[in-house]
Amino acid sequence: MALLNGTATYTRFRLLGDLPDGFEERFVGALERHAFKEIDPDADVERHLGWVRWGDAFDSSWEPHTLVNGDGVMVLTLRIDTLKVPPVTLKAYVAQAEREMRRKLSRERLTKPERDMLRIEVQKKLRRRSLPKMQLVEVVANLSTGEARLFSSSKRVVADFQDLFHKTFGLRAIGSNPLTVLWGQGFSDLDQDQVIGLEPERFHQVPE
Amino acid sequence: MAGRQPAESKDSTSLVDRVERIRFLGREFLTWLWFESETHDGKVQAGDLGEVSVEFQKRLSLDSAGNVPEVNLVRAEDPTATEESRVALKMGKKVGETRIVLHAADHDFQLALAGETLQIKGVKLPTALATEDGDKLAERLDLLDEVEGLVDTIYARFVRMRMNEQTWAPVRRELRAWVERGGDRD
């Protein structure tokens, strides 16, 4: 777990929005609605994501009184599963199935609908035999300071996190930038307006 | 939540515009950090958090502004000591990303800093003393708070100076002279 060991690679966010009264109860309900659900191999879905408890990829239960600690910190894990048959594997198994069917039907060729149907059947069979690739990404949100950390720097994971976090908690997570860093540093609205008015500075001499 | 956005920036369009408007400040900050540390024996003031030593290490990218930015990526034990990095500064490039070591009072942190976003990347934290998961988590989060606090405080100090022409004008003059003479290497 990146949170406990090794180099910490993460993305910082500022959280926008207001916390509703009794948010712990509401958040637990929202987490359960957006909890991770296993991919159905018979369905046509390659990627699923949702929340699980920190430290247990198979537990999606939370209690309002333990969700957030005394410092306002909430630790969660974003689980992302991908169930995808590698194209080379699929192609080989489809070719084998086509050969068997041609032999069975004593025909040299299969029609396009027959080949399409066969491909879907083979894909389902292979998906049932495959284990999804599991990604566990830790999330630490400090609801007192309005900051969050996602322990990944992948653009796709960052976008997934921002979308799911907003859907779940109604709070927008804005990636760190030269403006949001100032929000935690006592810059008033007036100060920020002044900063926004700055123009880029030249640091080098321009030859006359 | 504390430290939140000002009221008027809740409108997402205006927030995006405002952020884009000052993206350049991050690159200016990293360039100033190099200047500040080099002209003060490697030391930089971090407000109430005290003085920290800043060491640029291994990797430094210098970018030009504009729609098609040119990038010099310098890989060296001390990239700020290279001729390439000094020439890039003279050509008007600024630091886009770098690896640094912050030597604070109690801890040393190795990290990469990106100018456009001020995202902190790949932080090597001091070894946690706790062994139980919950305690270790709390200790590592405290260390992340500490390193972010240092970076944010130094950045805020730079911005306060930068937004006031009286404080910025002498720094601008010294900074340009430093770039022109190719730094203050020993």
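Helices here are DSSP runs of H or I, at least four residues in length, numbered from the N terminus. By that numbering, A:Gly197 falls in the segment that follows helix H7 (189–196) of chain A. The model is predicted.

**A:Gly197**
- A:Gly197 counts as exposed because it has 10 C-beta neighbours inside 10 Å, and the cut-off for exposed is 12 or fewer.
- A:Glu24 is 173 residues away from A:Gly197 along the chain, and their C-alpha atoms are 40 Å apart.

**Domains of chain A**
- Chain A splits into domain 1, made of 11–83 + 134–196, and domain 2, made of 87–128.
- Taken over C-alpha atoms, the centres of domain 1 and domain 2 of chain A are separated by 43 Å.

**Contact between chains A and B**
- Chain B contributes 50 residues to the contact and chain A contributes 40 residues.
- On the side of chain B that touches chain A, at least two residues come from each of helix H1 (12–21), helix H2 (24–38), helix H3 (83–90), strand E6 (120–124), H4 and helix H5 (165–180) of chain B.
- H4(B) gives the most to that side of chain B, with 11 residues.
- Sorted by class, that side of chain B holds 23 nonpolar, 19 charged and 8 polar residues.

**Nonpolar core**
- The largest nonpolar core comprises 72 residues, and those with the most contacts inside it include A:Val139, A:Ala148, B:Val147 and B:Tyr155.
- Helix H4 (residues 133–162) of chain B gives the most to this core, with 9 residues.
- Leaving out residues up to four places away in sequence, A:Ala148 touches A:Phe13, A:Leu15, A:Val139, A:Val140, A:Ala141 and A:Ala173.

Notes: Residues numbered from 1 in each chain as written. Chains lettered and ligands numbered in written order. Predicted model: local features only at pLDDT ≥ 70, side-chain atom pairs only at ≥ 80, totals over all residues. Buried ≥ 20, exposed ≤ 12 C-beta atoms within 10 Å, placed from the backbone. Core = buried A, V, L, I, M, F, W, Y, C linked by C-beta atoms within 7 Å. Contact = placed C-beta atoms within 7 Å. Domains from an automatic or database assignment. Nonpolar A, V, L, I, M, F, W, Y, C, P; charged D, E, K, R; others polar.
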